[in-house]
Amino acid sequence: MSQKEILDVTKILLEYLGPTLKLFAATLVFSIPLGLIVAMLKMCKFKPISWLTSIYILIMRGTPLMLQIIAIYYAIPYLKINENLPVFLKKIVDVVDIKSPNYMFIAVVVAFSLNYAAYFAEIFRGGIEAIPKGQYEAAACLGMTKTKTFFRIILPQVVKRILPASSNEIIILVKDTSLANIIAYTEIIMKAKQQMQLYSSLTPLFIAGVFYLAMTIILTAIFSMLEKKLNYYK
Amino acid sequence: MAILEVKNISKSFDGLEVLKDISFDVNKGEVLAIIGPSGSGKSTLLRCINQLERADGGCVVVDGMTMFQNDENGYAVYSDKKILRDIRLKIGLVFQNFNLFPHMNVMQNVIEAPVQVLKMNKADAEEKARELLKKMSLETKEKSYPCELSGGQQQRVSIARALALSPDVLFFDEPTSALDPELTGEILKVLKSLAEEKMTMVIVTHEMEFAKNVADKVIFMDEGVIVEQGTPEEVFDNSKSERTKKFIQKF
């Protein structure tokens with residue numbers, strides 16, 4: 001490929017960085033709080049809730065994300081034509097407009113968020129359970145409520161502990177966004193494949209690879225900065 | 001006047017009775033030392049009074065407020081949340097391993113409860129904290145984090161943190177057990193000065209010399225029961241029970 005062609009391809013791929021980043025950001029925004037909720041449910045003392053949550057985590061971590069994306073994307077249209085649907089499910093399904101231009105993005109974000117929430121939940125749970133009991137007891141003796149204890153004493157310490165594991169997960173997410181092209185969500189890898197066929201060259205894929213590498217470098221820098229910032233205590 | 005009344009507390013873990021029929025009183029301004037071998041239930045007793053464990057039976061009254069008392073079947077019934085909370089603020093607990101909040105500096109540790117729980121304004125809380133830290137000879141450590149302090153300094157911060165809520169009674173659960181002899185002396189000195197200021201204290205300790213010299217009252221516990229209680233002279237020099245004598249001889 002000529003230099004000009006490489007520049008053209010880079011420009012085209014740069015445009016599709018948007019959908020990739022949009023999916024990445026939306027997944028983070030939804031999966032982190034959801035993961036915290038799932039972690040709480042898993043630690044719930046009422047066993048049936050804890051078991052149900054374990055099953056959810058098992059399914060989300062035990063089946064390919066690609067499969068989950070396909071399942072969620074096609075499930076709604078399938079349910080819409082099913083006439084024997086229970087009323088409450090039908091009401092939910094009716095709300096979803098599969099003809100909307102956003103439907104694909106929403107389906108992908110739902111799949112990614114449900115999947116990543118399961119992984120984040122296990123990271124959060126590990127972090128919360130690693131906090132010594134004495135911290136809860138000290139807070140209780142000082143008259144702090146459970147909510148205050150969690151948000152002011154426990155959570156800040158959890159954040160520090162889970163940062164390395166979370167940064168791992170978040171870096172994997174950047175590259176996992178390419179899985180969305182299985183249902184034709186157009187992002188960098190999909191565009192690069194088209195360009196590859198157009199030019200009969202591997203270079204577009206190589207350029208896409210450089211994009212991912214650049215995103216990873218930025219994320220790594222952000223996380224090592226955060227880790228350093230939280231390093232003021234042991 | 002008794003500021004703390006403990007009557008017939010009992011407590012079991014999985015069928016094992018760790019506290020049997022424990023009763024004692026603490027008057028305002030008094031220092032009570034609880035001594036006894038490991039596993040005798042001293043810490044459990046403190047944890048029950050500080051609501052970190054639930055007692056099975058008995059009665060605890062703090063400054064006229066009932067924490068729990070027996071129903072007709074002899075089971076402890078706890079008072080409602082509001083009263084339990086009020087009691088909680090009347091008593092403070094200093095732990096063996098300090099349990100400072102590692103992500104907060106010394107000042108933040110001390111003002112956390114006054115600001116968050118008592119809703120004191122931050123400037124007032126800081127002023128009071130500075131006074132307490134000065135008393136603990138920690139005035140230069142305000143901005144330090146717990147991990148930067150020695151064990152003795154950390155324990156003094158935790159004492160300041162407990163004092164910041166102006167408790168009526170301060171409990172200490174083996175406050176020097178995690179410290180080397182030099183740092184132990186440092187903490188005992190602080191406890192002694194608090195005793196001189198007539199702070200009401202209940203101290204679980206293995207420091208016999210300290211218990212003898214500073215305490216007004218001593219309780220010797222073994223296997224979940226109070227074997228002996230009285231003045232230091234009564235317990236240390238004229239013990240009635242063989243078990244007490246044997247224990248004290250070891251020191």
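This is a predicted model: local features need pLDDT of at least 70, side-chain atom pairs count only at pLDDT 80 or more; totals for chains, interfaces and linings use all residues.
Residues are numbered from 1 along each chain as its sequence is written, chains are lettered from A and ligands numbered from 1 in the order in which they are written, and side-chain values use heavy atoms, with hydrogens and water left out.

Let me stay with the interface. Taking contact to mean heavy atoms within 4.5 Å, 24 residues of chain B are in contact with 19 residues of chain A. The area buried between the two chains, that is, the accessible area (1.4 Å probe) that two parts lose on being put together, summed over both, is about 2000 Å², and carbon and sulfur atoms give 61% of it. The rule for a salt bridge, a side-chain nitrogen of Lys or Arg within 4 Å of a carboxyl oxygen of Asp or Glu, finds two across this interface. In a salt bridge between Glu137(A) and Arg47(B), the closest N and O atoms are 2.6 Å apart. Over all chains, the search of the whole structure finds 21 salt bridges.

Now to chain A by itself. With helices (H or I, at least four residues) and strands (E, at least two) taken as DSSP runs numbered from the N terminus, chain A has ten helices and zero strands. Its C-alpha atoms fill a box of roughly 70 × 55 × 25 Å along the principal axes.

How do the helices pack? Two packed helices are described by the angle between their axes and the distance between the axes. Axes here are lines fitted to C-alpha atoms, for helices over the stretch in contact, and angles run from 0 to 180 degrees between N-to-C directions. Helix 1 (residues 3–15) and helix 2 (residues 17–42) of chain A pack at about 30°, with their axes 4 Å apart, which makes helix 1 of chain A roughly parallel to helix 2 of chain A. Angles under 35 degrees count as roughly parallel, over 145 as roughly antiparallel, 65 to 115 as roughly perpendicular and the rest as oblique.

The axes of helix 2 and helix 3 (residues 47–62) of chain A come within 7 Å and cross at roughly 135°, and these two helices are therefore oblique to each other. Here Val38(A), Leu41(A) and Lys42(A) of helix 2 meet residues of helix 3 including Ile49(A) and Tyr56(A).
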